[in-house]
Amino acid sequence: MQTYKMFINGEWVDTESGKTFATINPSTGEELGRVPQAGIEDVDKAVNAANQALPEWSKMTQSDRAKTILRFADLVEEHSEELVDLEVNEHGTPIMLARGFAAAAVDQLEYIACISRGLMGQVLPQSIPNTIGYLQRVPIGVCAVITPWNVPLMMMLSMIGPALVTGNTCILKPASVSSILGVKFTEILEKADLPRGVMNLVTGPGGSVGDALTTHPGVDMVRFTGASDTGKEILMAASQTVKKCVMELGGNNPVIVCEDANVEKAAKLQAGRHYGNSAQNCSTPGRYYVHENVYDEFVEVFANEVKGINVGLPWDEKTAMGPMASLQQLEKVEYYIKTAKEQGARIVCGGSRPSTPPLDKGHFLMPTVVADCTHDMTIVREEIFGPAACILKFSSEEEVVKLANDSEYGLCAGVWTENGSKAMKITDELRVDSVFINMPRMMTPEFPWGGNVRQSGVGKSDSVCGMEEFTDLKFICKSYS
Ligand code: NDP
């Protein structure tokens, strides 16, 4: 079994302690390879390297940095089979979806390189004679990038890409369960000829390695995506040295299906999207609120779609849904389903692990529809982050808007209605970062994601808005009298 290394100051290295840990293939439960378990001393070296590399990298022209990212995009395309292989074997992403992610990765990197050349500062109105005051866009500095496991490749590049292109230097700490993918990502990026120390990789547990990064005085910014509770810990840790923190956190997203919606289309499209990546997405709807007059129809069409989902080994071209990424996550979703049953919900389909080989060995759970839920149930209140969809009944728009807004999260929402002004009225009332009307959530590099609503995050990701988060506006005032 291969043992991988970390990347610090342009070299592939072991940890000071020599400790390693294994990552697991979620389809078989077998070890895939071993990665270094970094300690504080390794984090220190990575942070020092990133600080040393900062002056040269931040002063490089924007066009040169953009060209580096374009080279990286070409390399990702060239090495896409290796990346797909790891998405499939380390994360359990079905191969067809993993190929889609690899293609989207190239597209996103090209977008990042292109828009970076249009980022601008601002000249301020003259208020003192013979002076010019302006805002210059500058990098924040050394950026710790801490990523989750759920869409590993896209998560890494959507944070590392804009951080580097705007002149920051980086230390990546991938989720432990996706560490080998983090190594492969860094190996490919190294080939794009980055100066030594601009990109560093440390692997190891969030509680120690992540904490060492977020408390380190040599780190200027933390870019984090993960659970809201982890985000709170990071905010506290980073406050000791007042770092900029941008974080995309949890969601429990409501989708409202009104009486006048195209119910069949809504049920089919939502069900078709819900279970992609085993529903381990922050944007997956946590709660479907369906008007009582179309409730039965919605549940029936939705469940019929779900029963047709092909659950299988992720390397099989016909598989639409693979395993969950970890046993821990699988057990968490099983707990939510069990609690929902105890609290009076109805399991329309799924609800258990497949029992026949070869799916009995991995972290598989059949796609589950939980109907007749009520707003106070645990499965409705918390983020499921797995293949179970909760369906609830509502009777008035006033009521449903209140229910949709009654959450500690506010990431995104969906509205289905054929009445355009009703769609806008409901959208206006929803306290969320994004709303999708008559469509499930779609992602393109141009669309921003996340924001500042409740415990779902701090700051934007993706799009121009997400890139700007990695920059500061330095004020300069010059006299020419
Ligand atoms: P976690 O918060 O558990 O982990 C995310 C990362 O943080 C991992 O690299 C983890 O390391 C690290 N970490 C854990 N504890 C600490 C700590 N104390 N200090 C610093 N770093 C730490 O999230 P998951 O990986 O479980 O991802 C799922 C969550 O991510 C869901 O809540 C989901 O909603 C959210 N998410 C949000 C998105 C958004 O755009 N809003 C997008 C994708 C996911 P380790 O792996 O070693 O534990």
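Reader: How many bridges join strand E6 to E20, and do the two run parallel or antiparallel?

Author: Before the answer, a word on the source: this is a predicted model, in which local features need pLDDT of at least 70 and side-chain atom pairs count only at pLDDT 80 or more, while totals for chains, interfaces and linings use all residues. Residues are numbered from 1 along each chain as its sequence is written, and side-chain values use heavy atoms, with hydrogens and water left out. Strand E6, residues 131–139, is joined to E20 by nine bridges, and the two run antiparallel; at one place along them, Gly133 stands opposite Cys477 in E20. Two strands pair if DSSP finds at least two bridges between them, and E6 and E20, with nine, therefore count as paired.

Reader: What makes E5 and E20 edge strands?

Author: The open sheet has three strands in the order E5-E6-E20, with antiparallel pairing. Strand E5 (122–123) and strand E20 (471–479) each pair on one side only, and they are therefore the edge strands. The names follow DSSP runs numbered from the N terminus, a helix being a run of H or I with at least four residues and a strand a run of E with at least two.

Reader: Why is the contact of Asp229 with Lys232 called a salt bridge?

Author: The term requires a side-chain nitrogen of Lys or Arg within 4 Å of a carboxyl oxygen of Asp or Glu. The closest N and O atoms of Asp229 and Lys232 are 3.3 Å apart, so the pair meets the definition. Both residues lie in helix H8 (residues 228–239), three residues apart, which is about one turn of the helix. A search of the whole structure finds 18 salt bridges.

Reader: How do you know whether Asp229 is buried or exposed?

Author: Buried means under 20% relative accessible area, exposed means over 50%, and partly exposed lies in between (1.4 Å probe, protein chains only). Asp229 has 53% relative accessibility and so counts as exposed, whereas Lys232, at 37%, counts as partly exposed.

Reader: Why is Lys422 called buried, and which residue does Lys422 form a salt bridge with?

Author: Lys422 has 15% relative accessibility, and therefore counts as buried. Lys422 forms a salt bridge with Asp260, their closest N and O atoms being 3.0 Å apart. This pair links distant parts of the chain, for Lys422 is in helix H14 (residues 420–429) and Asp260 is in the loop between strand E12 (253–257) and helix H9 (263–274), 162 residues apart. Asp260, at 28%, counts as partly exposed.

Reader: What separates Glu342 and Lys338 along helix H11?

Author: Glu342 and Lys338 are four residues apart in helix H11 (residues 327–342), and so are separated by about one helical turn. They form a salt bridge, with the closest N and O atoms 3.4 Å apart. Glu342 is exposed, with a relative accessible area of 57%, while Lys338, at 47%, counts as partly exposed.

Reader: Why is Ser278 called buried?

Author: Ser278 has a relative accessible area of 2%, and is therefore buried. Ser278 lies in the loop between H9 and strand E13 (285–291), and the C-alpha atoms of Ser278 and Ala388, 110 residues apart along the chain, are separated by 9.0 Å.
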